[in-house]
Structure formats: C-alpha cells, structure tokens
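I open my notebook on a new chain today. I want to look things up one at a time and write down what I find.

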Amino acid sequence: MICLQPITKPSVLYLGPRKPLKKPFKSLTPIHSLLQYNRKPQLAGETPRVVVITSGKGGVGKTTTTANIGLSLARLGFSAVAIDADVGLRNLDLLLGLENRVNYTVVEVLNGDCRLDQALVRDKRWSNFELLCISKPRSKLPLGFGGKALTWLVEALKNREEGAPDFILIDCPAGIDAGFITAITPANEAVLVTTPDITSLRDADRVTGLLECDGIRDIKMIVNRVRTDMIKGEDMMSVLDVQEMLGLPLLGVIPEDSEVIRSTNRGYPLVLNKPPALAGLAFEQAAWRLVEQDSMKAVMVEEEPKKRGFFSFFGG
C-alpha cells in the first residue's frame with residue numbers, strides 16, 4: 001500500500017505568503033511537512049465516527065473527496081460506509097463506478113420495500129467499503145424525510161448484525177438549505193472542502209458558523225485544487241492565507257491534477273491509480289490524518305525576497 005511506505009524525505013509545498021489582503025504578495029515560502037507513514041494509523045475516538053464532508057459552494061470537490069478518502073480508509077484496513085445525501089443530483093456512485101449496482105436506496109428502506117443490507121452496495125475492489133444512496137436521480141424524497149430520518153439510518157448502521165463500520169462518511173449536498181441541515185444532523189465531525197478563491201472561502205466561512213451552531217466542533221479543512229504555479233505568479237491565494245482566514249486545522253492540501261478528470265470519467269478513484277497520482281497521494285495522507293484526528297504540521301522556512309524592478313507592477 002502506497003500510504004504505508006516510509007517517506008525519508010520531507011514533501012515540499014509552496015504555499016506562498018500569509019496576508020495577501022493587507023499587503024502585496026511576496027516571494028514564496030516553502031513548507032516542509034515531515035510525514036512518516038511507516039506504520040498503521042491508530043484509530044482515535046469512539047467508533048463509528050460519523051463525518052460529514054461539506055463546503056457550502058458546489059463544484060469544489062466534496063464528492064471526489066468522499067470517494068477517495070473512503071477508499072483510502074478501506075485500504076488502511078478500516079470499514080467505511082459512504083452515504084450520498086444529495087437527493088436529486090447524486091454523483092458518488094458514478095465516481096466509484098458503482099452506478100449499475102444501486103438497485104435500492106434509503107427511500108425503499110424507509111418504505112419497507114427492502115432491508116438496509118440490500119440497499120448497501122459493497123465496493124467491487126475493497127469489500128470493507130460500502131455505498132448507500134438516499135434516493136434515485138431526479139426523484140423526490142417524502143415530505144417527512146429530514147434530519148431525524150438520517151439519524152435513524154445512522155443508528156441502524158451502528159446496530160446492524162455484522163457490526164458497525166469504523167467510519168460513516170456523509171457526502172453533503174451543496175448549499176445551506178434543508179438538504180444541508182439534514183446531512184449534518186447525525187454528524188459529530190466535519191471535513192470542510194474549499195478552494196483558494198474568495199467565493200469558496202466566503203461560503204466555507206458561513207458553513208463553519210452553521211456547523212458550530214449545530215454543535216459540531218471538530219471541523220478540519222481540505223484545500224483543493226491548489227496550483228503552485230499560480231501561487232508563484234501571485235494569482236492564487238496561498239494555503240497559509242486560507243488557513244488564516246478560516247481559522248481551521250488543515251487536514252490536507254490537494255494539488256490540481258488532470259488525473260482527477262480521467263478518474264472521474266472512468267469511475268476509478270485516484271487513490272487506486274498505479275502509479276499513484278500526486279492528488280491521490282495527498283488524499284491518502286488526508287485519510288491518515290483523519291484516522292488519527294491529526295492535522296498537518298509544517299515548519300516555515302523563509303526565502304530571500306526576489307529583487308523587483310521599477311516596472312514590475314506592469315509585468316516588467
């Protein structure tokens with residue numbers, strides 16, 4: 001397994017300056033993250049751990065994060081159930097390549113048309129990872145479905161005969177409407193996915209406040225689609241700036257990678273690629289930290305500022 005191999009050299013992330021909103025961008029500062037993955041992670045907290053993966057803004061990578069972290073947990077030896085809580089626009093089954101295996105959903109379970117174990121779809125590659133969809137695409141939920149119904153579902157997963165899973169991951173729909181409230185109700189942890197742009201950060205900050213109001217205090221952040229070339233060109237906010245603005249522990253930094261589109265179209269998550277993609281390795285490291293309830297620890301090393309000419313602000 002890739003994430004269990006020891007790493008002898010520190011990985012370097014160029015995360016840029018700290019305060020772009022108060023002063024112009026300066027030269028880059030390399031962050032040396034010393035991560036030793038030469039042992040099996042120790043599961044922290046009481047199981048099963050119910051984690052909602054949310055963002056507020058759509059299109060930032062919540063479903064991709066759910067699929068890759070879920071399978072990474074399975075590869076680390078933990079059992080996981082991923083719940084696609086998006087009612088009419090579910091996509092998690094497509095990313096996992098399981099769209100043809102979803103015969104029953106939670107709606108059929110609640111209506112008494114099938115058992116819970118019939119609605120659970122076991123992954124064809126890792127048997128300790130299962131998928132559960134709330135409803136079929138373009139269908140409407142019963143009016144009575146809400147946070148209490150999803151809480152009942154989570155309790156049913158905890159009390160099933162074959163044993164409770166170690167992790168229950170809830171893929172939260174976009175927005176902060178009723179679907180969002182339903183998805184976060186049974187959770188006691190949250191992973192906030194954001195990208196380094198101001199619109200995503202504003203929505204993430206709003207969602208953080210809503211999660212805290214709902215009693216979820218364990219919130220960690222994944223910064224997705226980071227491009228070091230744009231940070232170097234002072235066209236993208238750095239991860240340090242994102243962390244400073246949101247004030248959340250950093251679970252992982254996912255670089256922009258063309259393999260994400262390829263893996264999505266193939267229904268084959270990044271963490272299963274051979275050789276592993278850079279973004280896939282970052283997802284595996286994020287899953288490792290999630291297991292141990294850890295966050296990224298980095299040591300800042302300042303670089304000498306570059307000399308800039310008189311016409312530097314005009315592209316010279």
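Entry 1: Is Asn91 buried, partly exposed or exposed? I note first that the model is predicted. I looked up the relative accessible area of Asn91 and found 38%. Buried means under 20% and exposed means over 50%, so Asn91 counts as partly exposed. I then looked for its place in the chain. Asn91 sits in the loop between strand E4 (80-84) and helix H2 (92-96). Leaving out residues up to four places away in sequence, Asn91 touches Thr63 and Asp84. I also checked Pro137. Asn91 and Pro137 are 46 residues apart in sequence, but their C-alpha atoms are 8.9 Å apart in space.

**Entry 2: the whole chain.** I stepped back for an overview. I found 11 helices and 11 strands. The chain has 316 residues, and 50% of them count as buried. The chain exposes about 15,500 Å², with 52% of that from carbon and sulfur atoms. Next I looked at contacts between residues at least 6 apart in sequence. Of these, 78% join residues at least 24 apart.

**Entry 3: the cores.** Which residues touch the most other members of the largest nonpolar core? I wrote down Val52, Ile83, Leu132, Ile170 and Leu211, out of 47 residues in that core. Helix H5 (residues 147-158) gives the most to this core, with five residues. I followed up Ile83. Beyond four places in sequence, its contacts include Leu132, Leu150, Leu153, Leu157 and Ile170. Asp171 is also among the residues that Ile83 touches. There is a second, separate core of 40 residues. Phe78, Val271, Ala286 and Leu290 are among its members.

**Entry 4: a cavity.** How many cavities of 30 Å³ or more are there? I count one. The largest cavity has a volume of about 50 Å³. Its lining includes Thr64, Ala67, Asn68, Leu95, Val260 and Tyr268. Helix H1 (62-75) and helix H10 (259-266) each give two or more residues to the lining. I sorted the lining residues by type: six are nonpolar, four are polar and none is charged.

**Entry 5: helix H9 and its end.** I checked helix H9 (residues 239-246) for buried residues. They are Val239, Leu240, Asp241, Val242 and Leu246. Just after H9, Gly247 takes a positive phi of about 70°.

Entry 6: Most residues other than glycine have a negative phi, and most peptide bonds are trans. I looked for exceptions. Arg225 has a positive phi, near 60°. Arg225 lies in strand E9 and is partly exposed at 37% relative accessibility. Glu234 also has a positive phi, near 60°. Glu234 lies in the loop between helix H8 (228-232) and H9, and its relative accessibility is 27%.

Which peptide bond next to Pro48 is cis? The bond from Thr47 to Pro48 is, with omega near -5°. Pro48 lies in the loop between strand E2 (30-33) and strand E3 (49-54). Another cis bond joins Lys274 and Pro275, with omega about 0°. Pro275 is in the loop between H10 and helix H11 (278-291).

Entry 7: Gly215 lies in the loop between helix H7 (198-213) and strand E9 (218-226). Its relative accessible area is 53%, so Gly215 counts as exposed. Gly215 and Asn188 are 27 residues apart in sequence and 7.8 Å apart in space, C-alpha to C-alpha.

Note on methods. Residues numbered from 1 in each chain as written. Predicted model: local features only at pLDDT ≥ 70, side-chain atom pairs only at ≥ 80, totals over all residues. Heavy atoms only, no water. Helix = DSSP H or I, 4+ residues; strand = E, 2+ residues; numbered from the N terminus. Buried < 20%, exposed > 50% of the residue type's maximum accessible area, 1.4 Å probe, protein only. Contact = heavy atoms within 4.5 Å. Areas by Shrake-Rupley, 256 points an atom, 1.4 Å probe, with all protein chains shown as cover. Core = buried A, V, L, I, M, F, W, Y, C linked by side-chain atoms within 4.5 Å. 1 Å grid on protein atoms, 1.4 Å probe; cavity = no way out; pocket = protein on both sides within 12 Å on 5 of 7 lines; lining within 4 Å. Points joined across faces, edges and corners; volume = space filled by probe spheres on them. Nonpolar A, V, L, I, M, F, W, Y, C, P; charged D, E, K, R; others polar.
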